[in-house]
Amino acid sequence: MTNSTSFDSPGLRFRKAMEEEKPLQIVGAINANHALLVKQAGFKAVYLSGGGVAAGSLGIPDLGITNLEDVLIDIRRITNVCDLPLLVDVDTGFGPSAFNVARTVKSLIREGAAALHIEDQVGAKRCGHRPNKEVVSKDEMSDRLKAAADARTDDNFVIGARTDAFAVEGFEKTLERAVAYKEAGSDFIFAEAVPNLDYYQKFVDATGIPVLANITEFGMIDMYTVDQLRDAGVGLVLYPLSAFRAANKAAMNVYQHIRKEGTQKNVLDTMQTRQELYDSIGYYDYERKLDELYKKI
């Protein structure tokens, strides 16, 4: 298929967001409802986490068990209601060959995603902040990226290269990988679980493309502020599952109160009200449309 450049494609909107906000804050949404909340909070981009799809949509660990269709379902639901450019975690590409990676890229573009990041772990991947990770060779990951770039049906679709090599090979080898990944077609570098803030500028200097910092909670990276990350040369800041963790904690609190006390009245102050939900999802607009369509003549 011949590549084309859409005048206002999701990929182009993501690129504009990177230019307009430095660093670009990208927060994770576990579902379409949360994507709407992300937009209402004022963010310029939204994220779909592979770990979030696994844990949130399927209730399983982030160990390479999910497949492309699992992710596409959540992409569809988000892009159907939210026009923020969506960055998607595609793990290792959902298959062992270049054909699988190409299918993944084309499918994401078709469903309205703006960007992806693909990683250099082996197929049986692990959470980036867990021990005993294994990575494929630099050349194999470069082939994944070349396949992704060649498969783009929108030239503005953004491709990020995540490298988990720091924990396995150390900084210098990871830096070599980042340079190779840029040459293979990556638009940004996602250096996972790199704990030293000073390293980020070195990635930028070596590659000449933006670097993403994953500021995930309870992991191997400190909770750096936007100002700290900007000063370190970071171009994108990711908060993949912050709201998901908070929502889970709140849900368990409500369940425990109902079970123990036989009522939810003592946790009402922790809940989104009916009015707030209706405002968020545009309930009254739908209701007015129904009234117009079915009003009696």
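**Reading the cores, a helix and a surface patch**

User: Which residues have the most contacts inside the largest nonpolar core?

Analyst: In this predicted model, the largest nonpolar core holds 63 residues, and Ile75, Val88, Leu108 and Phe203 have the most contacts inside it.

User: What is Ile75 in contact with, leaving aside its neighbours within four places in sequence?

Analyst: With those neighbours set aside, Ile75 touches Leu48, Leu86, Val88, Leu108, Glu111 and Ala113. There is also a second, separate core, made of 16 residues, with Ala17, Met18, Leu87 and Phe190 among them.

User: What span should helix α8 have, and how far apart are its end C-alpha atoms?

Analyst: Helix α8 covers residues 171–184, and at 1.5 Å a residue its 14 residues should span 20 Å. The end C-alpha atoms are 20 Å apart, in agreement with that expectation. Gly185 follows α8 and has a positive phi, near 125°.

User: Which residues make the nonpolar surface patch of about 370 Å²?

Analyst: Leu290, Leu293 and Tyr294 make this patch. Leu290 lies in helix α13, which comprises residues 283–294.

User: Is Leu290 buried, partly exposed or exposed?

Analyst: The relative accessible area of Leu290 is 47%, so this residue is partly exposed; the cut-offs are under 20% for buried and over 50% for exposed.

Terms used. Residues numbered from 1 in each chain as written. Predicted model: local features only at pLDDT ≥ 70, side-chain atom pairs only at ≥ 80, totals over all residues. Heavy atoms only, no water. Core = buried A, V, L, I, M, F, W, Y, C linked by side-chain atoms within 4.5 Å. Buried < 20%, exposed > 50% of the residue type's maximum accessible area, 1.4 Å probe, protein only. Contact = heavy atoms within 4.5 Å. Patch = residues over 30% accessible without salt bridge, like charges linked within 9 Å, V, L, I, M, F, W, Y side chains within 5 Å. Areas by Shrake-Rupley, 256 points an atom, 1.4 Å probe, with all protein chains shown as cover. Salt bridge = Lys/Arg side-chain N within 4 Å of Asp/Glu carboxyl O. Helix = DSSP H or I, 4+ residues; strand = E, 2+ residues; numbered from the N terminus. Expected span 1.5 Å × (residues − 1).
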